[in-house]
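Have the sequence and the 3D view open while you read.

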Amino acid sequence: MPDVDRPRAWLLTVDGAPQSYVDLDAPTHLEFEYAQRLAHVLDTSDDPERPLDVIHLGGGALTLPRYVAATRPGSRQDVVEADRGLLDLVTERLPLPADCGITVHGADARQWLEAAAPDSADVLVADVFGGSRVPAHLTSAAYARAAERVLRAGGIYAANLADGAPFGFLRSQLATFAEVFGQVALIAEPTVLRGRRFGNAVLVASHDAIEVEALARRAAADVFPARVEYGAALRLFIGDARPVRDEDAVASPEPPDGAFGIG
């Protein structure tokens, strides 16, 4: 759907749910709050002038890959999207710039990840939704270990998730990644964290210390300010949640009607 206010901007919906927003003339413009928070993670990763090797699980309209190509020229990026029809549509209607360093792969995210070279990425961004739910096979400890395997020392994993009170899914994801990585953090709006509404939250994981203060400053300055939970406060939020095994994995909860409406 074209944006009537921006000449070459487009909204992508999948099964009626808003999925991506792209302005071809301004690739650093991020319309959705969750995309802005994922960008904060990318921006605070290592030297901001240095190109990155990034893996994106979930392609959408290739919003974040375009952002990285614009903000960190010379970056090498792999985008994995299972919906080949969507990939064809996006690359035809919203073409990538020449020599942008972005390679797209029509494949299942976990299968591609498990076959990828170890220690090959600085950042792994997961934004995979089947319609409006995160698929079950991308929620387990085995999947988290596959993500850890492709990241270099000090690499960062960041995932867009969605949940609402009592946060059974979100708490289990934090417990799962805390079992595999040394450090975890969560970025979300206070209204979501207080259980007042269903919404997005960005999980961040690494073996190195996470740039919590830098992330918190950026998240607090957003149009819709977010909070960064870390350390003791996050352990309290996780509570007695247990890591997810493949045999117990379930998709993220179905959003309530109107949770991610258009306009």
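**Helix 1: what's tucked away**

The buried residues of helix 1 are Y34, A35, Q36, R37, L38, A39, H40, V41, L42 and D43. Keep in mind that you're looking at a predicted model.

- Helix 1 spans residues 33-43 and is mostly covered, with 10 of its 11 residues buried.
- A handy bit of background: two packed helices are described by the angle between their axes and the distance between the axes.
- For helix 1 and helix 8 (residues 212-220), that angle is about 145° and the axes are 10 Å apart.
- The way helix 1 and helix 8 cross is right-handed.
- Who touches whom? On the helix 1 side you'll find H40, V41 and D43, and on the helix 8 side L215, R218 and A219.
- Sorted by class, the contact between helix 1 and helix 8 comes to 3 nonpolar, 1 polar and 2 charged residues.

**Helix 6 meets helix 9**

- Helix 6 (residues 168-180) and helix 9 (residues 231-238) have axes that come within 9 Å and cross at roughly 125°.
- An angle of 65 to 115 degrees would count as roughly perpendicular and one over 145 as roughly antiparallel, so helix 6 and helix 9 are oblique to each other.
- Their crossing, helix 6 over helix 9, is left-handed.
- Helix 6 brings L170, R171, L174 and A175 to the contact, while helix 9 brings L234, F237 and I238.
- That contact of helix 6 with helix 9 is made up of 6 nonpolar residues, no polar ones and 1 charged one.

**The two sides of helix 9**

- Which residues of helix 9 are buried? They are L234, F237 and I238.
- What covers the buried residues of helix 9? The cover includes helix 6, strand 8 (183-188) and strand 10 (227-230).
- Just after helix 9 comes G239, which takes a positive phi of about 60°.

Methods: Residues numbered from 1 in each chain as written. Predicted model: local features only at pLDDT ≥ 70, side-chain atom pairs only at ≥ 80, totals over all residues. Heavy atoms only, no water. Axes fitted to C-alpha atoms, helices over the stretch in contact; angles between N-to-C directions. Helix = DSSP H or I, 4+ residues; strand = E, 2+ residues; numbered from the N terminus. Parallel < 35°, antiparallel > 145°, perpendicular 65-115°, else oblique. Left-handed = near helix turned anticlockwise from the far one by under 90°. Contact = heavy atoms within 4.5 Å. Nonpolar A, V, L, I, M, F, W, Y, C, P; charged D, E, K, R; others polar. Buried < 20%, exposed > 50% of the residue type's maximum accessible area, 1.4 Å probe, protein only.
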